[in-house]
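Reader: Hey, I'm new to this one. Could you walk me through it, starting with a charged pair?

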Amino acid sequence: MTSQRIYDDLRFWYNTILLSNKMAPLTMLSHIRRAFCTRTHSLQTGSKASLTKVFTAEEVKTFSEISQDKNPIHIDPEYAANTRFGKCIVHGVLLNGLLSAVCSTKLPGPGAVYLSQELRFVAPAFIDRSVTAEVEVLNIERLVMTLSTTVRETETQKVLMEGSARLMIPKHLARGR
């Protein structure tokens, strides 16, 4: 959103709210949301968003119980010490969930729906290590956005998982393009 558009929108709402006060409150709220709450500036090829998280042993154990994936490589330090990784690793689907969180909260944001995803696990994510999930817009056609997806170890920037995703974006975001 350009500074001129922000100025024009603010002036319009100032006049609407303070001077005329003729618009119904719900209509006014709808217009304000459309003017200031949509992320149309983010919906461009090359736009990026990310989230960083540390998965703890407790979170991994809880996920193991919920999902019934009790592979000892994730939850048994003694067992994991004798594997090629040398210690417990985070479930790959938790990394994927972090990518989903980026899409649903940042880019494109609330209302986005996954249509498909392709991913490749490059290296393990270890418990209690910071990871960063990042998405980048590759293409937008009508209501479908294609993103590249990457999860890296935050400190070293080592790629842990990479791929792509296709999401259906909400109509109100597509209209602003």
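**A charged pair and what surrounds it**

Author: The side chains of R120 and E162 meet in a salt bridge, at 2.2 Å from N to O. A salt bridge here is a side-chain nitrogen of Lys or Arg within 4 Å of a carboxyl oxygen of Asp or Glu. R120 sits in strand β2 and E162 in strand β5, so the pair ties together parts that are 42 residues apart in sequence.

Reader: What kind of model is this, and how are residues numbered?

Author: The model is predicted: local features need pLDDT of at least 70, side-chain atom pairs count only at pLDDT 80 or more, and totals for chains, interfaces and linings use all residues. Residues are numbered from 1 along each chain as its sequence is written, and side-chain values use heavy atoms, with hydrogens and water left out.

Reader: Which side chain does E65 meet?

Author: E65 meets K61 in a salt bridge, 4.0 Å from N to O. They are four residues apart in helix α3, so about one helical turn separates them. An α-helix has 3.6 residues a turn, so residues three or four places apart point the same way. E65 has a relative accessible area of 42% and K61 has 43%.

Reader: OK, zooming out. How many helices and strands are there?

Author: Seven helices and five strands. Helices (H or I, at least four residues) and strands (E, at least two) are DSSP runs, numbered from the N terminus. Along the sequence the order is α-α-β-α-α-α-α-β-β-β-β-α.

Reader: How much of the chain is buried?

Author: Of its 177 residues, 33% count as buried. As for contacts (heavy atoms within 4.5 Å), residues 24 or more positions apart account for 64% of those with a separation of 6 or more.

Reader: Which strands pair up with β3?

Author: β1 (residues 48-54) pairs with β3 (residues 130-141) in the antiparallel sense, over seven bridges. β3 also pairs with β4 (residues 144-153), again antiparallel, over ten bridges. Pairing means DSSP finds at least two bridges between two strands. S50 has E134 in β3 as its bridge partner, and I140 has M145 in β4.

Reader: What sits between β3 and β4?

Author: A turn: the two strands form a hairpin with two residues between them. R142 lies in that loop, and its phi is near 55 degrees, a positive value in a residue other than glycine. R142 counts as exposed, at 77% relative accessibility.

Reader: Where else is there a positive phi in a residue that is not a glycine?

Author: At Q157, with a phi of about 65 degrees. Q157 is in the loop between β4 and β5, and it is partly exposed at 45%.

Reader: Switching to helices. Which residues of α6 are buried?

Author: G92, L94, L95, N96, L98, L99, V102 and C103. What covers them includes β1, α3 (57-67), β2 (113-121), β3, β4 and β5.

Reader: How far does α6 reach?

Author: α6 (residues 92-105) has 14 residues and reaches 20 Å from first C-alpha to last, close to the 20 Å expected at 1.5 Å a residue. The expected span is 1.5 Å times one less than the number of residues.

Reader: And what about the loop between α6 and β2?

Author: P108 is found there. The peptide bond from L107 to P108 is cis, with omega near 5 degrees.

Notes: Buried means under 20% relative accessible area, exposed over 50%, partly exposed in between (1.4 Å probe, protein chains only).
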